[in-house]
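Reader: I would like to know what stands behind the labels used for this model. Please set each value against its cut-off.

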Amino acid sequence: MSDTKSRTALVHGGTKRSQWNEVSEAIFLTQGFVYDSAEAAEQRFVKAGENEFIYARYGNPTMRMFEDRLSHYLGYEDGFACTSGMAAVSGALMALCKAGDRVVASRALFGSCLFVLEEILGKFGVEIVLVDGRDTAAWDAALSKDTRAVFLESISNPTLEVIDLKYVCEAAHKVGALVIVDDAMATPVFSYAQACGADLCVISTTKHVDGQGRMLGGMICGSKELIRGPIETYMKHTGGAMNPFTAWSHLKALETLELRVRAQADAVLKVCDALSGHDKIAFVHYPTHKDHPQQALALSQAPFGGTVLAFEVKGGKEACFRFLNALETILISNNFADAKSIATHPATTTHQRLPQDQKDLLGITPGLVRLSIGLEDPADLIADLLAALEQA
């Protein structure tokens, strides 16, 4: 599928058909596989071939179709499908790091990512250094020492900071560090991780791939050497592999991924324009919108900044809660990248565990709203937002 356009690859890439030659991909709901002989079983445990499987925790034909399709779409050789986005994040880091290693990470991260770095890796003896991801000089200073890995969100959650990814990748590779990029906010459609040189791209497939509030999932994408080496070894022994039904559901969702995400991205810009300059809003942030302080950098990396915007309601938590409670079409929840538009109050939900000084540092204010735009008509969303702001 290397010569096809991206939308075609999302429909046909990596397809493996059974002897029945089915049109829709098959779900292989099996834990194990039968060998023709004891000798064949022995050989498979020594080295399994490209289309040979041992146990569902190690791999499965349905999972392999999904891994091939999404990893190749993102420009990588291979991928390992995981139970969730956080299983992918923790799996990538744990598989590659050991006691005594050093990890440099952007300080603007999803709360669970910070927990994995500071509370899990830190307790196992990995040194964690957090930097302002927007500051190239800070990356240079942090990478002046031996470093095993760099971890960052290409677009931060929830404040939508943008990192010069190519610069960071080049700086990291000069000291022999691997770069792991969490691409949840950028979306698979607008991902630029591979183009900028990231060694591993972590995707929460719960988000845009499923995109309809049904399935948890994740994917680690990278070179075959990394994926079928330390990543697969760690994941298959610790039980983080995706189940076949989720993989099948994700395969079907990939067929409409570009159609959904591009429609959502178009709608985000309309919503940003409608909210920009409103007297009850302090600021509106979306990476490629004119009001974002890093618009030029964002546009140099991708044509759109995902499907999520952030804005601050003036008047603090009380005014923000009045606004949220007045919404009628837009839902209050803590997910994003759904077909339904979702408003989140990060300070009291997704980033609630962060100390106040850290929230202040990251810009997670009492009035901050993270708004994920769904597939509704943008005019209806704008009307809902403007009416709710009257109650703020």
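This is a predicted model: local features need pLDDT of at least 70, side-chain atom pairs count only at pLDDT 80 or more; totals for chains, interfaces and linings use all residues.

Reader: Why does Asp132 count as buried?

Author: Buried means under 20% relative accessible area, exposed over 50%, and partly exposed in between, with a 1.4 Å probe and protein chains only. Asp132 has 18% relative accessibility, so it counts as buried. The residue lies in the loop between strand 3 (127-131) and helix 6 (136-142); helices (H or I, at least four residues) and strands (E, at least two) are DSSP runs numbered from the N terminus.

Reader: What makes the pair Asp132 and Arg107 a polar contact?

Author: A polar contact is a pair of N or O atoms within 3.5 Å; within protein, one must be able to donate a hydrogen and the other to accept it, and residues adjacent in sequence count only if both atoms are side-chain atoms. The side chains of Asp132 and Arg107 are joined by such a contact at 3.3 Å. Leaving aside neighbours within four places in sequence, Asp132 is in contact (heavy atoms within 4.5 Å) with Arg107, Ala138, Trp139 and Glu161.

Reader: Why is Glu67 called buried, and which side chain does the side chain of Glu67 meet in a polar contact?

Author: Glu67 has 2% relative accessibility and therefore counts as buried. Its side chain makes a polar contact of 3.1 Å with the side chain of Arg228. Not counting residues up to four places away in sequence, Glu67 touches Gly79, Phe80, Ala81, Met219 and Arg228. Glu67 lies in helix 3, and so does Asp68, in a helix spanning residues 61-73. Asp68 counts as buried because its relative accessibility is 10%.

Reader: What makes a space a pocket, and what is the volume of the largest pocket?

Author: On a 1 Å grid over the protein atoms alone, a cavity is a set of points where a 1.4 Å probe fits but cannot get out, while a pocket is an open set with protein on both sides within 12 Å along at least five of seven lines; lining residues have an atom within 4 Å of a point. Grid points are joined across faces, edges and corners, and a volume is the space filled by probe spheres set on the points. The largest pocket holds about 440 Å³. Of its 18 lining residues, the closest to the centre are Ala48, Gly49, Arg64, Arg228 and Glu232. Helix 10 gives the most to this lining, four residues.

Technical notes:
Residues are numbered from 1 along each chain as its sequence is written. Side-chain values use heavy atoms; hydrogens and water are left out.
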